[in-house]
Amino acid sequence: MKPYEWILFDADETLFEFDALRGLKLMFSRFGINFSDADFSEYQLVNKPLWVQYQNGEISATQLQYQRFQSWAERLDETPKTLNSAFLSAMADICAPLQGAANLLNTLRGKMKLGIITNGFTELQQVRLERTGFRDHFDVLIISEQVGVAKPHPEIFEYALSAMGHPSRERVLMVGDNPDSDILGGLNAGLHTWYSPEY
């Protein structure tokens, strides 16, 4: 088999830690709220189904981001947009690469082209890449919010391949931690895949 020309990485829990509870605790502390584990469970009852709807193309990125904070916005007399931006800001403040991610990217850099294809949101992804020093490692950054469709939809992979200059699909490896959005999505796009949160 020919060596890979491209490796596409998912972002959350593939390159970066994503501790939503910690981020929410920090975000709500800035509003004077002690966000509890019970509050988090209640939040996830709303948040998780919204992510499924988003990945299925049933709602937009904006709808997801605002609807997950609707009840809290009413409680705090804030807008969902304000709370969502505060959450993304808090997540950027606590961002950290997964152990081994920096070494992996440094090893691969210059040997092949690297890209990110993520269902995360623009406001967070770009800040994290800058703060971690990862931005210059990647030739393409594909964010579902900007494309208008999320993984595993084939359209986001086609968009990525176009941005990559239409390489042979057999020479593209998709690496991710989600068996549906990353792995199934990559396979359906004709790419090789690697399911390994621990690399």
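**Figure 1. Phe-40, Tyr-43, Phe-69 and Phe-87 make up one aromatic cluster.** The model is predicted: local features need pLDDT of at least 70, side-chain atom pairs count only at pLDDT 80 or more, and totals for chains, interfaces and linings use all residues. Residues are numbered from 1 along each chain as its sequence is written, and side-chain values use heavy atoms, with hydrogens and water left out. Rings of Phe, Tyr and Trp (its six-membered ring) pair if their centres lie within 6.5 Å; planes under 30 degrees apart are stacked, over 60 edge-to-face, and the rest tilted. The structure holds eleven such aromatic pairs.

**Figure 2. Phe-28 and Trp-72 form a tilted pair.** The ring centres are 4.4 Å apart and the planes meet at 45 degrees. Phe-28 belongs to helix α1 (residues 20–29) and Trp-72 to helix α4 (residues 70–76), so the pair ties together parts 44 residues apart in sequence. Helices (H or I, at least four residues) and strands (E, at least two) are DSSP runs, numbered from the N terminus. Phe-28 and Trp-72 are buried. Buried means under 20% relative accessible area, exposed over 50%, and partly exposed in between (1.4 Å probe, protein chains only).

**Figure 3. Tyr-43 and Phe-69 form a tilted aromatic pair.** Centre to centre, the distance is 5.6 Å, with 35 degrees between the planes. Tyr-43 sits in helix α2 (residues 37–55) and Phe-69 in the loop between α3 (61–67) and α4, so this pair ties together parts 26 residues apart in sequence. Tyr-43 is buried at 5% relative accessible area. Phe-69 is buried too, at 0%.

**Figure 4. Arg-75 lies over the face of Trp-72.** The distance to the ring centre is 4.2 Å. A charge sits over a ring if NZ of Lys or CZ of Arg is within 6 Å of the ring centre and within 35 degrees of the ring normal.

**Figure 5. Strands β2 and β3 run parallel.** Four bridges join β2 (residues 113–118) to β3; pairing requires at least two DSSP bridges between two strands. Thr-118 has Ile-143 of β3 as its bridge partner. From β2 the chain crosses through helix α7 (residues 122–132) to β3, and this β-α-β crossover is right-handed. That is, with the strands pointing away from the viewer, the path from the first strand over the helix to the second runs clockwise. In β3 (residues 140–143), Val-140 and Ile-142 point one way, Leu-141 and Ile-143 the other, and all are buried.
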